[in-house]
Amino acid sequence: MNIFLLLGMGLFILVFLCLYRAVFGPGVLNRIAGICAIGTKTLVILLLMGFIYNRVEMFIDISMVYALLNFIGTITAAKYLEIKGEV
Amino acid sequence: MPGRLGQALVCVCLRLKYFNEQREMTRVTDDIIIRTVARVIIPFIQLYALYVIMHGHHSPGGGFQGGVILGASFILFLLTHGLEEAKTRMSEMKAGLFSSFGLLIYSGIGLLCLILGSNYLDYGKLSTILKVIPAQARSLGILGVEIGVGIAVMAVMFSVFFDISTGGILPEDEEDLGVNK
């Protein structure tokens with residue numbers, strides 16, 4: 001069994017723990033932190049998929065875009081919550 | 001007809017109700033960390049977007065994806081540096097011009113192939129005016145089309161965010177509409 005596959009499966013289980021925090025978490029900040037952590041884990045899973053399929057140079061492009069949009073999305077959500085006065 | 005009128009009235013009321021909230025999305029953020037990080041990261045985002053557009057034919061991505069990344073960099077600038085400074089870099093009129101210009105590149109290359117006597121967007125015929133072999137002409141034609149798509153998508157992405165965040169009402173229109181800030 002591939003070590004990268006094992007690592008990916010471990011991260012896959014951890015995504016569900018973050019998803020629990022994003023769905024049931026008390027307060028808005030916990031939810032945003034959960035979604036942000038899911039985005040980061042997805043990025044690493046994408047890179048591990050690149051190692052499994054032996055095409056890292058292709059998957060690294062996708063994961064960079066994912067990280068970038070995750071960053072901008074978190075900033076936008078944080079700014080919206082600041083305006084609404086929820087934080 | 002009355003239904004359409006009522007719909008328009010509801011739209012206007014909603015826009016006025018949420019106007020201040022929407023406007024707040026484009027004010028300058030008072031957090032210096034966010035502003036500095038955005039200022040440092042935006043050139044790299046744009047460079048990466050150009051890489052995605054240029055390498056569209058042998059790696060994931062292409063015109064649309066690169067355009068979205070390029071648009072995201074402008075959206076990040078608008079979020080962090082406010083409406084006034086963003087309008088000096090990319091105003092709404094410029095965004096409209098860029099979207100039309102990108103579409104013009106795309107359809108221009110397509111129509112050029114049509115004029116040269118082959119199908120729409122059949123780049124092989126471009127070899128007669130580019131003075132290269134047909135395979136190279138196809139590669140160059142696809143690159144040109146992707147640049148056009150990238151420019152158009154970037155401008156449209158920015159324009160959509162601009163319209164949503166200002167509610168379609170720019171500061172210079174406020175006196176005409178009687179909206180107090």
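B:Leu112 counts as partly exposed because its relative accessibility is 34%, a value between the 20% limit for buried residues and the 50% limit for exposed ones. This value, like the others in this report, is computed from a predicted model. B:Leu112 lies in helix H5 of chain B.

## The nonpolar patch

B:Leu112 is one of the residues that form a nonpolar patch on the surface.

Two helices of chain B each supply at least two residues of the patch: helix H5, which spans 92–115, and helix H6, which spans 127–130. H5(B) provides the largest share, with four residues.

## Chain B as a whole

Chain B contains eight helices and zero strands. Read from the N terminus, its elements follow the order α-α-α-α-α-α-α-α.

Chain B has 181 residues, of which 39% are buried. Among the contacts in chain B with a separation of 6 or more, 64% are between residues 24 or more positions apart. The chain exposes about 10,300 Å², and carbon and sulfur atoms supply 68% of that area.

The size of an interface is often given as the accessible area lost when the parts come together. Between chain B and chain A, the buried area is about 1,700 Å². Carbon and sulfur atoms give 77% of this buried area.

The elements that give two or more residues to the side of chain B touching chain A are helix H2 (19–24), helix H3 (32–54) and helix H4 (63–89) of chain B. H3(B) gives the most to this side, with six residues.

In terms of residues, 19 from chain B are in contact with 16 from chain A. Three residue pairs between the two chains are in polar contact, with both residues at pLDDT 80 or more. The count of salt bridges between chain B and chain A is zero.

Key. Residues are numbered from 1 along each chain as its sequence is written. Chains are lettered from A and ligands numbered from 1 in the order in which they are written. This is a predicted model: local features need pLDDT of at least 70, side-chain atom pairs count only at pLDDT 80 or more; totals for chains, interfaces and linings use all residues. Side-chain values use heavy atoms; hydrogens and water are left out. Patches are made of residues with over 30% relative accessible area and no salt bridge: like charges are joined within 9 Å, nonpolar side chains (Val, Leu, Ile, Met, Phe, Trp, Tyr) within 5 Å. Accessible areas come from the Shrake-Rupley method with a 1.4 Å probe; for residues, only the protein chains shown count as cover. A salt bridge is a side-chain nitrogen of Lys or Arg within 4 Å of a carboxyl oxygen of Asp or Glu. Buried means under 20% relative accessible area, exposed over 50%, partly exposed in between (1.4 Å probe, protein chains only). Contact means heavy atoms within 4.5 Å. Buried area is the accessible area (1.4 Å probe) that two parts lose on being put together, summed over both. A polar contact is a pair of N or O atoms within 3.5 Å; within protein, one must be able to donate a hydrogen and the other to accept it, and residues adjacent in sequence count only if both atoms are side-chain atoms.
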